[in-house]
Amino acid sequence: MNDERRFRFISRGQLLLAAVFFLAGGQLYAQAAGKPPDYSAIPKLQEMKERSPAPDFTLPNPDGRKVSLKDFRGKVVFLNFWATWCEYCKDEMPTMDRLYREFKGKGFEIVAVNVKDKRPEALAFVKQLKLTYPIVMDPEGEVGLLYGAFGMPTTYLIDRKGVVLARLWGPADWYSPAARKLIAALVEQK
Amino acid sequence: MNVRFSQKAFADFLSLNYPLLSDFPDAKTIQAYGVFNAERKLAQRSWFIVDKQGVIRYKKVLAPKEPLLSNDVLIEEVKKINK
């Protein structure tokens with residue numbers, strides 16, 4: 001096989017793969033359309049029926065710029081608490097990143113609060129895992145305490161109006177079909 | 001800090017079946033019961049048992065570094081009051 005033909009063959013293969021992913025993604029959105037979010041599809045994810053407003057906070061990002069939760073009003077927010085010593089976080093965060101890359105720009109945001117780590121260690125961790133979503137630093141653990149992040153990871157799902165929808169103490173595969181379907185259903189809600 | 005939100009998370013985390021109340025930020029009730037730690041601006045760890053008539057029948061305030069009170073002690077005190 002000459003180079004040109006091999007190139008053409010690879011291109012067709014890639015096209016086919018892209019088409020499969022596109023169709024699978026389309027099917028996922030179609031399944032989520034018009035249906036209420038199924039929180040029970042994620043093991044141990046608790047729906048918060050009180051529908052409390054998510055308390056606002058302001059923390060610096062790694063560059064020192066202040067970031068507030070309310071900055072993301074109008075988007076579905078995936079609020080995650082993590083630490084570098086947390087092995088479960090190491091497993092979970094790459095799945096969060098894949099989720100983020102699929103849904104960013106569709107009314108979805110991840111805010112990942114690092115609790116009580118030193119900045120260089122936290123940044124090295126983020127670099128090692130090649131994470132692309134926003135990180136903020138909570139050096140005193142005050143916001144972690146406010147949100148009851150007694151164990152890591154802890155995750156909250158917050159709707160576009162800033163209301164807490166669900167909470168999970170522990171890790172999840174956030175790029176599972178169930179998780180993607182849940183996020184697709186949440187971003188569809190106006 | 002939004003203490004109610006934080007307390008709810010704490011109660012959920014421990015699966016508590018009894019209500020938690022917040023005396024933040026005034027600490028009026030804590031002061032009324034004489035267990036306010038002015039330096040740290042929080043309550044000293046303490047237990048009060050109030051009988052059906054609303055009378056305090058038992059009080060225990062822990063000194064710093066004193067071990068926690070066992071539940072057995074509290075149950076015995078409740079039994080004494082109920083006799």
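User: How many bridges join strand 3 of chain B to strand 4 of chain B?

Analyst: Strand 3 (residues 46-50) and strand 4 (residues 56-61) of chain B run antiparallel. Strands are DSSP runs of E of at least two residues and helices are runs of H or I of at least four, numbered from the N terminus; two strands pair if DSSP finds at least two bridges between them. The bridges joining these two strands of chain B number five.

This is a predicted model, in which local features need pLDDT of at least 70 and side-chain atom pairs count only at pLDDT 80 or more, while totals for chains, interfaces and linings use all residues. Residues are numbered from 1 along each chain as its sequence is written, and chains are lettered from A and ligands numbered from 1 in the order in which they are written.

User: Which residue of strand 4 of chain B is the bridge partner of B:Ser46?

Analyst: Strands 3 and 4 of chain B form a hairpin with five residues between them. In the turn, B:Gly54 has a positive phi of about 85 degrees. Within strand 4 of chain B, the partner of B:Ser46 is B:Val61.

User: How many of the 12 residues of helix 3 of chain B are buried?

Analyst: A residue is buried if 20 or more other C-beta atoms, placed from the backbone, lie within 10 Å of its own, exposed if 12 or fewer do, and partly exposed in between. Helix 3 of chain B lies largely in the open, because its number of buried residues is zero.

User: Which residues have the most contacts inside the largest nonpolar core?

Analyst: A nonpolar core is a set of buried Ala, Val, Leu, Ile, Met, Phe, Trp, Tyr and Cys residues joined through C-beta atoms within 7 Å. The largest has 50 residues. Among the elements giving two or more residues to this core are strand 5 (108-115), strand 7 (154-158) and helix 5 (177-188) of chain A. The residues with the most contacts inside the core are A:Val111, A:Ile158 and A:Ile183.

User: What percentage of the residues in chain A is buried?

Analyst: Chain A holds five helices and eight strands. Of its 190 residues, the buried share is 35%.

User: How many residues does the contact take from chain A?

Analyst: Two residues are in contact if their C-beta atoms, placed from the backbone, lie within 7 Å. Chain B contributes seven residues. From chain A, the number is eight.
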